[in-house]
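Q: Could you walk me through a few spots in this one? I'm new to it.

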Amino acid sequence: MVVIVFEIFLLTLLVITAVGIVRSRDLFSAVMLLGLFSLQIAVIFFILDAADVALTEAAVGAGVSTVLLLGALALTSDREARPKGRRLLALGVASITALILIYASFDQPRLGDPQAPVHQHVAPWYLEQTPKQIDVPNVVTAILASFRGYDTLGELFVIFTAGIGVLFLLADGSGRGARSQLPSAEAQGLRHHLIPRVVGALLVPFIVLFGLYVQFHGDFGPGGGFQAGALVSAGVILYALIEGEASALRVLSFRALAGMIAAGALLYTGVGLAGILRGSQFLDYSVLLADPIAGQHLGIILIELGVGLTVTGVLLTIFHAFAARAQKR
Amino acid sequence: MTAGLALDIGSWVLMLAGSFFVFVGGVGALRMPDFYTRMHAASLTDTLGTILILSGVILQAGLTLAAIKLAAIMVFLLLTCPTAAYALANAARLSGLSPRPEQTPGKD
Amino acid sequence: MYAATATAILVTMALALTRALLGPTIYDRVLAVNMFGTKTVLLLSVIAFLNGRPDFLDLALAYALINFIGVLAVLKFVQDYTMRHSGEERGQ
């Protein structure tokens with residue numbers, strides 16, 4: 001009961017933060033408030049028992065998104081441009097959409113209502129079939145990776161496309177080697193700050209290790225490829241911030257990152273095609289091994305690995321693309 | 001039974017004390033006159049509140065995996081919080097924000 | 001007892017949010033975000049026990065590990081900025 005009060009309190013804070021983000025003209029403040037927004041929404045997901053989503057929000061929102069937004073900010077002005085004209089029209093469209101959405105919400109079942117349609121048809125089926133067909137403790141992983149494998153493949157290709165899009169926008173065709181060898185002082189990172197350097201060197205291995213734990217523990221607890229990819233890239237970004245981007249590129253070069261992006265997508269699709277080759281359907285893992293349940297486990301581990309590779313590659317490529325572009329200015 | 005009760009009382013005292021310090025830190029961060037004093041209030045009480053609250057929860061968890069995770073969370077927070085405070089103070093100083101309240105530009 | 005602790009943390013979060021909205025300098029906002037992050041870790045740990053789901057502590061662990069990266073990025077950003085616009089002041 002008391003948790004519901006917390007939930008309402010946090011939702012109120014969330015609305016206040018959102019208004020603050022919209023009203024602030026200083027984009028730096030907006031980035032910071034977005035960080036707050038992410039923290040609040042992660043707690044709200046957590047209270048709603050949606051640990052997988054909350055972990056995704058935490059992994060992306062805590063480190064990576066702030067870093068990427070600051071990288072984007074370094075390329076532009078930090079003041080929002082005044083919008084020109086058509087403001088009443090925009091207000092009208094937004095209000096009408098809001099009213100329609102509020103009207104639609106009247107049809108929604110109450111939160112936690114056992115009679116809600118989702119608890120009558122789909123959810124019981126998944127809960128019943130997961131132990132029989134897939135046998136992993138975390139039903140979310142079973143749904144995401146196996147029952148709805150197509151959807152996750154689609155999401156993976158969305159991320160893949162986003163990465164390629166950012167590269168098209170930011171890459172400048174001057175050759176990769178030249179960019180990573182800029183001798184500018186900025187490329188030094190925070191190397192002359194002793195405290196972050198020591199603490200960072202201590203924490204980077206733990207972050208990457210925790211990322212791997214989340215990657216391979218996704219069948220049992222909250223986690224999986226998306227979260228693990230974001231965590232591992234947070235670790236590498238921390239290294240890049242402290243030792244400079246050039247050092248991070250020596251560990252994982254642009255070429256290696258591009259390889260990871262492609263390998264992840266290929267791995268996922270390849271597992272799907274293996275299902276066809278072994279006489280069943282696309283993304284049916286049961287036929288991968290003689291024992292259908294072992295086949296499901298193998299398939300889920302492989303596609304989660306593919307997701308993790310692509311997400312890590314895309315996030316780090318975007319980060320390096322922003323950093324390289326900022327250094328050229 | 002009495003050992004359990006003593007454990008409960010101990011963890012409650014720790015968590016309540018932690019809550020107090022966390023709250024005081026929040027008030028300090030809101031009411032102190034300039035950035036550096038606000039940061040002082042926030043970062044010090046952050047560390048103490050973290051130790052107290054997490055120790056209280058660890059006492060409740062007993063010898064489980066959860067307790068180990070909580071201990072790890074505590075260690076990592078104790079490492080990262082001061083580092084973040086260091087980085088933040090450095091950034092503010094670097095940008096020319098003066099630590100003397102009467103020279104700090106801005107409204108409040 | 002978990003509920004009382006969680007309430008105190010939530011109230012502190014509201015105070016931090018007020019500081020983030022008031023500013024006045026951008027560093028006050030960064031400070032508020034960082035504070036809010038620590039409070040989030042504590043709140044998640046407490047709520048995990050309040051709800052009886054201690055296996056969800058992974059989330060708090062993730063925040064404890066990577067929440068400070070944002071602040072380091074701010075330091076790097078300001079450092080690069082002052083290097084690029086040396087002479088110009090940024091502390092509003």
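A: Contact here means heavy atoms within 4.5 Å. This is a predicted model, in which local features need pLDDT of at least 70, side-chain atom pairs count only at pLDDT 80 or more, and totals for chains, interfaces and linings use all residues. Residues are numbered from 1 along each chain as its sequence is written, chains are lettered from A and ligands numbered from 1 in the order in which they are written, and side-chain values use heavy atoms, with hydrogens and water left out.

Q: Okay, which residues does A:Gly224 touch, leaving out those up to four places away in sequence?
A: A:Gly224 touches A:Val214, A:Gln215, A:Gly218 and A:Glu304.

Q: And where is A:Gly224 placed?
A: A:Gly224 lies in the loop between α10 (194-216) and α11 (225-243) of chain A, where helices are DSSP runs of H or I with at least four residues, numbered from the N terminus.

Q: Is A:Gly224 buried or exposed?
A: A:Gly224 has 2% relative accessibility and so counts as buried, a term for under 20% relative accessible area, with a 1.4 Å probe and protein chains only.

Q: Switching topic, at what angle do α6 and α7 of chain A cross?
A: The axes of α6 (residues 122-134) and α7 (residues 139-147) of chain A cross at roughly 75° and come within 10 Å, the axes being lines fitted to C-alpha atoms over the stretch in contact, with angles from 0 to 180 degrees between N-to-C directions. α6(A) and α7(A) are therefore roughly perpendicular to each other, a label for 65 to 115 degrees.

Q: Which residues of α7(A) meet α6(A)?
A: A:Val139, A:Ala142, A:Ile143, A:Ser146 and A:Phe147 in α7(A) meet residues of α6(A), including A:Trp125 and A:Ile134.

Key
Helices (H or I, at least four residues) and strands (E, at least two) are DSSP runs, numbered from the N terminus. Angles under 35 degrees count as roughly parallel, over 145 as roughly antiparallel, 65 to 115 as roughly perpendicular and the rest as oblique. Buried means under 20% relative accessible area, exposed over 50%, partly exposed in between (1.4 Å probe, protein chains only).
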